[in-house]
Amino acid sequence: MATLRCEGPDGRLAVERDGSWAWGTVGSLQVALDTGDFGTGGAAEVAEEKCLSPLPRAYQFLDGSAYVNHVELVRQARGAQMPESFWHDPLMYQGGSDGFLAPTDPIIGDPDWGIDFEGEIAVITGPVRMGASRDEAAAAIRLVMLCNDVSLRNLIPGELAKGFGFVQSKPACAFSPFAVNPDTLTGWDGGRLHGVLCVDLNGQPFGRADAGRDMTFDFPTLIAHAAKTRNLTAGTIVGSGTVSNKLDGGPGKPVAEGGAGYSCIAEQRMIETIATGAPKTPFLRPGDRVRIWMEDEAGRNIFGTIDQTVEAL
């Protein structure tokens, strides 16, 4: 599935089957999810640079922290202890969903805010009833895509100190150009997507973590957690949180040192602090370019590429 720019905030749905793109008959991906009508009519020309995020806006975006290794490292970085419960009770926040960035839109912000990328996997659900079981949650997964969940690291501590969650520190995020039916993904095991999430910063490999490894909570678990006290409407997006791998039971290593690297700058800064007493990798500055993608076993780009450059506010 892809959503192309056109008049109106929801874009126009295009559907690919067997290598050929065609326009969706119902107009938008949200309508297709609501009605179950993924029919097509008329050939479409699809180019990544013309794509919006598959859902340019959504009724709900819930982002988990399924890779507890990431949570542990980032909390260390800001001097916060991690409760033991985080290993068996998923951490999740409700992000802004009224407008997502397109996969090639710039990230606009003040460098003093500590702009960071976060490479994630995300799923789009059909309707999920309140109190749904894990099996019901698994059956509700309709599409899989990638996410750059932008974080403003220098704003997070003060905002969380208020005890009321993220708002200013979590601006609009972006999703990959294409959302894919999980049944067609060889790396999908029903709950996790196995495969290397590639992250480049300014043309250099930054992260090569395997999204299927070290994922403490799979997507059905995250969805069932979210639906404990509410219904989830069709088109709900659930994110995995930053993909993060351990190395021999401990923190990972940068790609340049033979490790899997990191899917956000904050993790690398924490490892640098552990090793040398202080971070050395800066957060994003104007002109920096971030690329996020995933390839299959044959080297084909599965979801297209999130390709964003930072611009000053």
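**Exercises: pocket, sheet and core**

β2 contributes three residues to the lining of the largest pocket, the most of any element. Strands are DSSP runs of E, at least two residues, numbered from the N terminus. This is a predicted model, in which local features need pLDDT of at least 70 and side-chain atom pairs count only at pLDDT 80 or more, while totals for chains, interfaces and linings use all residues. Residues are numbered from 1 along each chain, and side-chain values use heavy atoms, without hydrogens and water.

**Exercise 1.** Describe the lining of the largest pocket.

*Solution.* 
- Step 1: count. The lining has 27 residues.
- Step 2: find the centre. Val180, Asn181, Thr184, Leu185 and Ile302 lie nearest to it.
- Step 3: list elements. β2 (12-17) and β11 (141-148) are those that give two or more residues.
- Step 4: sort by type. Twelve are nonpolar, seven polar and eight charged.

A pocket here is an open set of points on a 1 Å grid over the protein atoms alone, where a 1.4 Å probe fits, with protein on both sides within 12 Å along at least five of seven lines; lining residues have an atom within 4 Å of a point.

**Exercise 2.** Which residues does Phe219 contact (heavy atoms within 4.5 Å)?

*Solution.* Set aside neighbours within four places in sequence; the partners include Ile121, Ile141, Trp188 and Val238.

Definitions and conventions: Contact = heavy atoms within 4.5 Å. Helix = DSSP H or I, 4+ residues; strand = E, 2+ residues; numbered from the N terminus. Nonpolar A, V, L, I, M, F, W, Y, C, P; charged D, E, K, R; others polar.
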